[in-house]
Amino acid sequence: MSMPFYVAPEQMMKDRADYARKGIARGRALVALQYNDGIALVAENPSNTLRKISEIYDRIAFAGVGKYNEFDQLRVAGVRAADLKGYQFSRLDVDARGLANQYAQILGQTFTHEMKPLEVEILVAEVGLDATKDQLFHIMYDGTVIDEHRFTVLGGDMESIRGRLVEIFVPDSTLQDAVKFAHQALSVGDTPISSTELEVAVLVRNGARRCFSRLNESTITQFLS
Amino acid sequence: MPMFPFAQDPGASFGELLKRVGLSPFGENIPANEMLVPHATTCVALRCANGVVMAGDRRATSGNLISHREMEKVVQADQFSGVAIAGAAGPAMEMVKLFQLQIEHYEKVEGQSLTLEGKANQLSMFVRSNLPAAMQGFMVVPIFAGYDTLLQHGRLWNYDATGGRYEEHDFVATGSGMLHAGTVLRMTWKRDMTIDEGVNLAARALWEASDADSATGGPDALRGIYPVIASITSEGFTRIADEQLKKTYEAIADGVVQR
């Protein structure tokens, strides 16, 4: 029987992190930002059916970048956890913080105990009753949770997109402006992303029970023209 | 977070998910006895030219006693459909809650809504899973109605306690006052009514049922409690305001005085 080679834990973790980062960097990025009436989530996504952004619960949205099958599995687990909690207790007991922690557990466990880390970065966003209660939890491939404010960027080329967004972001702007900011930040160089390649969804602070909705292609085109 | 191996994955079914995590309210053996639980009664639904109208009275009874005066038996299931329930109030309300959750859960997991027919079928399975309890007296008999966005007209379904699902084309009534309410509908309903005419007819049907059946509640002007009446059209589910129903019932009462 052959003995496995010894690999230092530091090296093992570094290799896994590099592997996950590489996988995530291959995919396209996503931006979430506050606007005057809620939170806008904008992703570069050529597919009109395989979504990166989706609804988890009344006031909570999910967004993922990286490997589709992996973040989609996490999305479904989140919908299940949220619906079960709301059924067992009250709809008001479902919150983004709880979900973010559970996601962090799964990602962290997988990162340290499985052969292969999940090649995903996810966002759990919750729209509050007022803007100060909005929450953006950015969860990394290794389970690190970052509680972000005003806006967040996920995915490949994160640093340069964040750099561009910091320059142009204006708090309390309209939805149209917010989508424009995100579009500009996501576009690399002089070639802006076509509006057909954008997926945009919003969590609107509108008093209705379900705050999540998607913007259709014509609205996005109109916003960007 | 609930995650399952591939073979045990519950898919988009909330009911199956509840079973996997041990929370399912169905199939429990309730001891057979003469337990007196609140019962909800008469509901009607009818088809109009551009949608459907659903209505239900507000009374729940335990034997001869009125146990609740403000029960809402017509509830919105999703944007384009509603459920009306008659039968044992506890299981009925639980079934409606589960049904609403199932529709929303499916929509979120799958990324698109069930068709209206799919929802009707799903409700039939819920009624069937309640059969053991129905055998012991906790019967639940719903009506399901909605606007079919694919076919672009309203549709209605009637159920029996075993989960039998029957699509009705014109109108349907359920609960203890179903004979009286159904007779009013049978005599007055005509094709291509407007929603307003439909609301008036549903109000009238419940009035006559409450007049002849002790378990059906009439309009309660003293407390300001009126039946729940809702219309479902291509615009979605709209509950008719109590103000409007107050006028409708005053007109019915005037008509009755003059006959």
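# Notebook: sheets, helices and a chain contact

**Entry 1**

I began with two strands of chain A: β3(A) and β4(A), residues 60–66, pair in the antiparallel sense over four bridges. I noted at once that this is a predicted model. I then looked up one pair of residues. Tyr57(A) has Ile60(A) in β4(A) as its bridge partner.

Next I asked in what order the strands of this open sheet stand. The order is β3-β4-β5-β6-β7 in chain A, five strands with antiparallel pairing. I looked at the edges. They are β3 (53–57) and β7 of chain A. Each has a single partner strand, so one side of each is left without a neighbour in the sheet.

**Entry 2**

I looked for helices that lie across the strands. Helix α2 of chain A, residues 68–88, lies across β3, β4 and β5 (120–126) of chain A. It runs at about 165° to β4(A). Helix α3 of chain A, residues 96–113, lies across β3, β4, β5, β6 (135–139) and β7 of chain A. Its angle to β6(A) is about 0°.

I followed chain A out of β7. Arg150(A) sits in the loop between β7 (145–148) and β8 (151–154) of chain A. Its phi is near 65°, a positive value in a residue other than glycine. I wrote down the background: most residues other than glycine have a negative phi. Is Arg150(A) exposed or only partly exposed? Arg150(A) counts as partly exposed, because it has 15 C-beta neighbours inside 10 Å.

**Entry 1. Two helices that cross in chain A**

I turned to α4 (residues 158–168) and α5 (residues 175–186) of chain A. Their axes come within 8 Å and cross at roughly 145°. The crossing of α4(A) past α5(A) is right-handed. I listed the residues that meet. From α4(A) come Ile161(A), Arg164(A), Leu165(A) and Ile168(A). From α5(A) come Phe181(A), Gln184(A), Ala185(A) and Leu186(A). By class, this contact of α4(A) with α5(A) has six nonpolar residues, one polar and one charged.

**Entry 2. The nonpolar core**

Which residues touch the most other members of the largest nonpolar core? They are Val31(A), Val44(B) and Ala45(B), in a core of 141 residues. The largest share of this core, nine residues, comes from α2(B).

I picked Val31(A) and looked up its contacts, leaving aside neighbours within four places in sequence. Among them are Val42(A), Phe151(A) and Val153(A). Ile161(A), Leu165(A), Ala185(A) and Leu186(A) are also in contact with Val31(A).

**Entry 3. Where the chains touch**

How many residues does each chain give to the contact? Chain B gives twelve and chain A gives 15. On the side of chain B, the elements that give two or more residues are α1 (14–20) and α2 (89–110). α2(B) gives the most to this side, with four residues. By class, the side of chain B that touches chain A has nine nonpolar, two polar and one charged residues.

**Entry 4. A sheet in chain B**

I found an open sheet of five strands in chain B. Its order is β11-β2-β3-β12-β13, with antiparallel pairing. The edge strands are β11 (171–174) and β13 (236–239) of chain B, and each pairs on one side only. Neighbouring strands are turned by 15° against each other on average, direction ignored.

I checked one pairing. β2 of chain B, residues 43–48, pairs with β11(B) in the antiparallel sense over four bridges. Cys43(B) stands opposite Thr174(B) in β11(B). Helix α5(B) lies across β2 and β11 of chain B, at about 165° to β11(B).

**Entry 5. Two residues of chain B**

I moved on from α5(B). Asp192(B) is in the loop between α5 (178–188) and α6 (195–212) of chain B. Its phi is near 55°, a positive value in a residue other than glycine. Asp192(B) counts as exposed, because it has 9 C-beta neighbours inside 10 Å.

My last stop was Arg204(B), which lies in helix α6 of chain B. Is Arg204(B) buried or exposed? Arg204(B) is buried, because 22 other C-beta atoms lie within 10 Å. Leaving aside neighbours within four places in sequence, Arg204(B) is in contact with Val184(B) and Ile252(B).

Notes:
Residues numbered from 1 in each chain as written. Chains lettered and ligands numbered in written order. Predicted model: local features only at pLDDT ≥ 70, side-chain atom pairs only at ≥ 80, totals over all residues. Buried ≥ 20, exposed ≤ 12 C-beta atoms within 10 Å, placed from the backbone. Axes fitted to C-alpha atoms, helices over the stretch in contact; angles between N-to-C directions. Left-handed = near helix turned anticlockwise from the far one by under 90°. Contact = placed C-beta atoms within 7 Å. Nonpolar A, V, L, I, M, F, W, Y, C, P; charged D, E, K, R; others polar. Pairing = 2+ DSSP bridges. Core = buried A, V, L, I, M, F, W, Y, C linked by C-beta atoms within 7 Å.
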